[in-house]
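Me: Let's go through some labels and ask what stands behind each one. Keep it brisk.

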Amino acid sequence: MTRHDFILAEIDSIYSQPFLDLVLRAQLIHREHHPPNEIQGSVLLNIKSGGCPEDCAYCPQSAHYKTGVARTDLVSLDETLTAARAARAQGATRFCMGAAWRDVPRGPQFDRVLEMVRGVRSLGMEACCTLGMLDEDQAEALADAGLTAYNHNLDTSPEFYGEIITTRTYGDRLATLARVRDAGIAVCCGGIIGMGETRDARLRLLQQLASLDPHPESVPINLLVAVEGTPLADRPPEDPIELVRMIATARILMPRSFVRLSAGRLSLSDEAQALCFMAGANSVFLGDRLLTTPNPTADVDRSLFERLGVTLQGRAGLHGPPIHE
Ligand code: SAM
Ligand code: DTB
Ligand code: SF4
């Protein structure tokens with residue numbers, strides 16, 4: 001039974017209980033719904049970098065800040081499919097294409113994104129996009145092209161949102177998420193910790209995520225990567241124990257979702273990552289690059305997974321059409 005009506009005090013009593021009780025409970029729930037030693041691997045490709053008109057305070061790709069991130073045009077179909085094949089060879093089952101757009105431009109650029117989605121699906125991989133706001137027609141076109149999932153994060157609580165982003169509202173985000181859901185595309189929606197938010201703000205984010213009905217199929221939990229030039233550049237590193245609490249609480253509230261240990265893995269020890277998996281994280285980004293910042297290399301991840309006896313989710317877990325190649 002999944003629930004969507006958690007009150008804040010309930011979430012607080014889960015999140016704030018003694019750490020070992022929390023992790024144990026999360027792990028037991030995890031095992032009821034997921035294979036215990038299997039992790040989903042996704043690879044990200046930045047298909048259009050930098051120059052974004054939004055002012056998200058954490059983001060190196062916002063045009064409002066001087067971060068040295070290159071501004072590029074939309075990459076070619078060829079380049080995308082080459083990267084998708086490499087991702088598949090590294091063991092990823094999902095390929096995620098991210099664009100630094102406020103919303104998706106109509107015309108040839110969107111047509112190319114649709115080609116990319118078809119191409120990735122024909123490699124037998126799940127395809128995910130994160131392109132900013134979508135209208136109904138665009139959501140339907142992406143669904144028709146075979147898009148598996150759309151990433152659109154709520155990032156933080158409704159109350160703290162205005163401190164982080166002023167160029168769009170929480171309501172704008174929720175409206176796009178509803179269009180994605182209505183088009184029949186899986187929803188990937190999560191947030192960031194370490195931006196100076198209170199514990200209450202984290203609980204409210206979790207409450208918002210769990211109130212989505214159905215729950216998002218994937219819930220990325222990002223640890224802030226503090227990037228020089230952004231307003232959050234000087235944020236002190238977040239306590240990894242808080243990240244584990246966040247993941248464990250997400251696992252308990254949304255038992256069937258993939259909980260993705262997303263940005264920030266490079267700042268975690270192997271032991272902290274292992275605790276995140278113990279707490280119910282069952283998805284990561286593979287590959288040495290996220291969108292603009294580094295991520296553990298394939299060798300480092302392979303060794304970590306081997307030492308933990310963890311395997312990458314195989315193709316058997318894939319939804320969608322069979323492999324054509
Ligand atoms: N422009 C699209 C959007 O905002 O939905 C897609 C790309 S955006 C980079 C996707 C997500 O990456 C953001 O919602 C945020 O959660 C995460 N993110 C971006 N920069 C980050 C950073 N420096 N540290 C952690 N997470 C970050
Ligand atoms: C998500 O929640 N995290 C990913 C993905 N969705 C698109 C992005 C993380 C970006 C980290 C900063 C960067 O590399 O630019
Ligand atoms: Fe643009 Fe997305 Fe970065 Fe915000 S998070 S500035 S919308 S690329």
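Me: Are Tyr161 and Tyr170 buried or exposed?

Reply: This is a predicted model. In it, both Tyr161 and Tyr170 are buried. That label requires under 20% relative accessible area, with protein chains only as cover.

Me: What makes the pair of Tyr161 and Tyr170 edge-to-face?

Reply: The structure holds two aromatic pairs. For Tyr161 and Tyr170, the ring centres are 5.1 Å apart and the planes stand at 85°, so the pair is edge-to-face. The cut-offs are centres within 6.5 Å and planes over 60 degrees apart.

Me: Which residues are the closest to ligand 1?

Reply: Thr130, Asn153, Asp155, Arg173 and Val225 are the closest of the 17 residues that surround ligand 1. By class, this shell has nine nonpolar, six polar and two charged residues.

Me: Why does the approach of Asp155 to ligand 1 count as a polar contact?

Reply: A polar atom in the Asp155 side chain lies 2.6 Å from an oxygen atom of ligand 1. The limit is 3.5 Å between N or O atoms, so the pair qualifies. Arg173 also reaches ligand 1: a side-chain N or O atom is 2.9 Å from a ligand oxygen atom. Val225 uses its backbone, with a polar atom 2.9 Å from a nitrogen atom of ligand 1.

Me: How much of ligand 1 does the protein bury?

Reply: Taken alone, ligand 1 exposes 550 Å², and the protein buries 90% of that.

Me: Where does ligand 1 sit?

Reply: Ligand 1 sits in the largest cavity. The test is that more than half of its atoms lie within 2 Å of the cavity's grid points.

Terms used:
Residues numbered from 1 in each chain as written. Chains lettered and ligands numbered in written order. Predicted model: local features only at pLDDT ≥ 70, side-chain atom pairs only at ≥ 80, totals over all residues. Heavy atoms only, no water. Near = heavy atom within 4 Å. Polar contact = N/O pair within 3.5 Å; in protein donor to acceptor, adjacent residues only side chain to side chain. Areas by Shrake-Rupley, 256 points an atom, 1.4 Å probe, with all protein chains shown as cover. 1 Å grid on protein atoms, 1.4 Å probe; cavity = no way out; pocket = protein on both sides within 12 Å on 5 of 7 lines; lining within 4 Å. Nonpolar A, V, L, I, M, F, W, Y, C, P; charged D, E, K, R; others polar. Phe/Tyr/Trp six-rings, centres within 6.5 Å; stacked < 30°, edge-to-face > 60°. Buried < 20%, exposed > 50% of the residue type's maximum accessible area, 1.4 Å probe, protein only.
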